[in-house]
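Here are a few exercises to work through with the model open beside you. Try each one before reading its solution.

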Amino acid sequence: MQCPCGLELTFAQCCQPLITATKLANSPEQLMRSRYSAYATNNAEYIYLTYASSSRLEQSIADIEQWAIQTKWLKLVVHSASEFQTSSDNNDSAQVMFSAFYQHLGKIWQMQENSNFIIEDSVWRYVDGDVSESKVLKKPKRNEACFCLSNKKFKQCCCLLYTSPSPR
């Protein structure tokens, strides 16, 4: 199975080792991609554990799991990832800007977010994100350009994900 995060690797070669805790994320982008893959494979516990401790207070595994079950993740596009920076309070931080395309309650959505990450207890953690755009997209006809900006026809791109069952 190709990794849901969009890299040209199998799930076992890419995000699965992070999700199963056999490997740690070596960058904020790698952590963000693994979190996306965890949503796509419905691994709410991993998503919860990758939140910074200050952000976990606002989350629950049950809520994350419910959202993941109701949502079919179609595609991830990473726009940029900053180099990490050490701030005056010795917190290493970084940002990743991405777009996620997903199906929720029968509609296709695009969400663009600038996510914030820190190093906490020697590992990268997700703090929060600023959603700059969240909109419903019109489902293209099979021969129209795909909504994910891949320059492919919909029938050769996200249509395959849109119509196939979610990985579980």
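Ser34 sits in helix α2; helices (H or I, at least four residues) and strands (E, at least two) are DSSP runs, numbered from the N terminus. Keep in mind that this is a predicted model, where local features need pLDDT of at least 70, side-chain atom pairs count only at pLDDT 80 or more, and totals for chains, interfaces and linings use all residues. Residues are numbered from 1 along each chain as its sequence is written, and side-chain values use heavy atoms, with hydrogens and water left out.

**Exercise 1.** Work out whether Ser34 is buried or exposed, and what it is in contact with.

*Solution.* Start with the accessible area: for Ser34 the relative value is 0%, so Ser34 is buried. (Buried means under 20% relative accessible area, exposed over 50%, partly exposed in between, with a 1.4 Å probe and protein chains only.)

Next, list the contacts (heavy atoms within 4.5 Å). Setting aside neighbours within four places in sequence, Ser34 meets Cys15, Leu18, Ile19 and Tyr46. Tyr46 is twelve residues away along the chain, and its C-alpha atom lies 9.0 Å from that of Ser34.

**Exercise 2.** Check the span of α2 and find how many of its residues are buried.

*Solution.* First the span. The expected value is 1.5 Å times one less than the number of residues. With 13 residues, α2 should span 18 Å, and its end C-alpha atoms are 18 Å apart, so the two agree.

Then the burial. Twelve of the 13 residues of α2 are buried, among them Pro28, Met32, Arg33, Arg35 and Tyr39. Just past the helix, Asn42 has a positive phi of about 60 degrees.

**Exercise 3.** Find which residues touch the most other members of the largest nonpolar core, and which elements supply it.

*Solution.* Begin with the term: a nonpolar core is a set of buried Ala, Val, Leu, Ile, Met, Phe, Trp, Tyr and Cys residues joined through side-chain atoms within 4.5 Å. The largest one has 31 residues, and Cys15, Tyr39, Trp73 and Phe117 touch the most other members. Elements giving at least two residues each include α1 (16–19), α5 (61–70) and β4 (107–120). The most come from α2, with six residues.

Now look at Cys15: beyond four places in sequence, it touches Cys3, Cys5, Arg33, Ser34 and Ser37. A second, separate core has nine residues, including Leu74, Phe101, Cys146 and Cys148.
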